[in-house]
Amino acid sequence: MSEVKLALDIGTSKLAAVAVEAESERNLAVVSVPNDSTVPGLAPGRHEQDPRRIRELAWTLLAELCGQIDPAAVTGIAFSGQMHGVVLTDGDGESRSNFITWCDQRAAELCSGLERERWPEARTGCLLHPGYGGATLALLRPERGLRALSIADYLAAELCGVAASEPSCAASWGIFDVRCNRWDEELVAQLGLERSVLPEIRPSAGVLGRLRPEYAARFGLSRSVAVHSPVGDNQAGYLGVCGRSGDSVLLNLGTGGQISLPVREFRLHPGLETRPLPDGTFLLVGASLCGGRAYAILKDFFAETLQAFTGTRPADGELYAVMDRLATAAEQPLTVDTRFAGSRLQPELRGAVTGIGVENFTPGNLARGVAEGMVEELAAMLPPELGAGLARVCAGGNAVRKSPLLTAFVERRFGLPCVVAGRREEAAAGAALAALWYGGRA
């Protein structure tokens with residue numbers, strides 16, 4: 001009997017769980033549920049989710065997944081989760097704050113006051129931005145006795161009793177020395193943080209601990225099942241789509257957007273972050289804040305227009321189908337800057353539509369302009385010299401799956417074949433694969 005790894009991905013808008021068979025490395029089962037944990041009524045610029053509700057959803061998914069496979073084959077549970085965010089926990093591992101997500105902007109003033117030119121990117125691989133755990137913690141100033149974790153760390157700790165983090169999630173907080181695999185003590189002191197608030201660092205995807213007896217009984221699993229350290233969703237998504245070949249760039253368009261390129265050694269490029277992979281290599285990553293959501297924003301615009309003029313609102317699927325058909329036929333696309341939510345370095349930026357003429361201001365030309373703009377925003381982040389030796393562009397995320405015309409835009413922009421991810425829930429699958437490849441003996 002081939003062993004099976006289970007994995008949970010804790011996304012901003014959705015939770016997903018997969019079972020991956022070791023021998024074939026294919027998904028045996030996939031389940032998902034909307035993430036309805038967002039806390040309502042917060043002040044503008046704040047974005048928090050209820051960690052206990054996330055936990056409830058996660059365990060419901062895990063139970064559902066275990067009901068679809070042979071539980072005796074399961075040797076480990078892996079995790080992936082939205083990066084940058086932070087939840088405060090007590091000595092018993094229980095949450096003492098909401099999960100403050102990557103979307104939260106409360107630390108914008110703090111980050112704008114930092115001198116970017118003096119920030120040690122050569123150690124952290126990134127600047128400090130609003131929504132990054134280091135900035136959030138610097139603003140919160142947690143009391144002694146509390147410990148900060150990513151949302152995936154929080155769930156893994158609940159399953160095995162070991163509260164720790166690992167390089168891929170820790171690096172996303174902006175205060176981690178990615179070259180030395182440790183918290184950057186100078187930055188921790190500079191931001192006025194208590195070192196005890198930051199968790200111990202364990203290897204990515206390594207065995208964190210064993211399944212607690214109560215959870216083994218709850219899910220019908222062996223008490224010997226390993227709980228693996230999480231992997232950040234960006235890195236896990238790369239592994240789930242591109243594997244270990246190192247010859248592919250990943251363009252991901254989901255709630256946000258990323259372009260990710262593997263490199264063997266640490267290196268810096270303006271506008272890109274350098275993030276650790278579980279095998280000790282790195283990803284160069286450019287991130288767009290709006291990403292695939294830009295096409296959804298246009299869909300909503302069309303829906304509201306139809307509602308106002310006709311009194312009816314078509315289903316989302318119907319609207320997307322018409323948008324794709326019109327965009328495919330469009331011959332004079334508008335030029336659309338899709339930075340509708342700004343950028344990491346210039347959060348005040350907003351999008352723009354240019355090139356409007358007498359004959360080309362049509363729904364199809366606008367839809368095509370938005371689709372091309374999403375691809376261009378990410379492609380422009382990658383210096384041309386870094387593309388040498390690449391064999392393909394892998395495309396992932398729901399925006400790509402729901403809009404097939406994006407594939408043609410990607411191929412034309414990069415001059416490479418574009419392969420749309422065939423595996424569902426690639427971030428969860430990537431976490432499971434990382435556990436198989438790098439997790440050691442379960």
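Author: The second largest pocket has a volume of about 500 Å³. Its lining comprises 29 residues, and Gly-271, Ala-287, Ser-343, Leu-345 and Met-381 are the closest to its centre. The model is predicted: local features need pLDDT of at least 70, side-chain atom pairs count only at pLDDT 80 or more, and totals for chains, interfaces and linings use all residues. Residues are numbered from 1 along each chain as its sequence is written, and side-chain values use heavy atoms, with hydrogens and water left out.

A pocket here is an open set of points on a 1 Å grid over the protein atoms alone, where a 1.4 Å probe fits, with protein on both sides within 12 Å along at least five of seven lines; lining residues have an atom within 4 Å of a point. Grid points are joined across faces, edges and corners, and the volume is the space filled by probe spheres set on the points.

At least two lining residues of the second largest pocket come from each of strand 16 (273-276), strand 17 (282-288), strand 18 (335-337) and helix 12 (363-379). Strand 17 gives the most, with four residues. Helices (H or I, at least four residues) and strands (E, at least two) are DSSP runs, numbered from the N terminus. By class, the lining of this pocket has 11 nonpolar, 10 polar and eight charged residues. Ala, Val, Leu, Ile, Met, Phe, Trp, Tyr, Cys and Pro count as nonpolar, Asp, Glu, Lys and Arg as charged, and the others, Gly among them, as polar.

The largest pocket contains about 1,200 Å³ of space. Its lining has 50 residues, with Ser-13, Gly-254, Thr-255, Gly-256 and Asn-398 nearest the centre. Helix 10 (residues 293-310) gives the most to that lining, with six residues. The classes there are 17 nonpolar, 19 polar and 14 charged residues.

The whole structure has nine aromatic pairs, where rings of Phe, Tyr and Trp (its six-membered ring) pair if their centres lie within 6.5 Å, and planes under 30 degrees apart count as stacked, over 60 as edge-to-face and the rest as tilted. One of them joins Phe-266 and Phe-282 edge-to-face, 5.7 Å centre to centre with 85° between the planes. Phe-266 lies in the loop between strand 15 (257-263) and strand 16, and Phe-282 in strand 17, so the pair ties together parts that are 16 residues apart in sequence. Phe-266 counts as buried because its relative accessibility is 17%; Phe-282 is buried too, at 9% relative accessible area. Buried means under 20% relative accessible area, exposed over 50%, and partly exposed in between (1.4 Å probe, protein chains only).

Elsewhere, strand 20 (residues 392-396) is mostly covered, with four of its five residues buried. Strand 14 (residues 248-253) runs parallel to strand 20, joined by five bridges; two strands pair if DSSP finds at least two bridges between them. Ser-248 has Arg-392 of strand 20 as its bridge partner. Strand 20 also pairs in the parallel sense with strand 21 (residues 418-420), over three bridges, and Cys-394 stands opposite Val-419 in strand 21.
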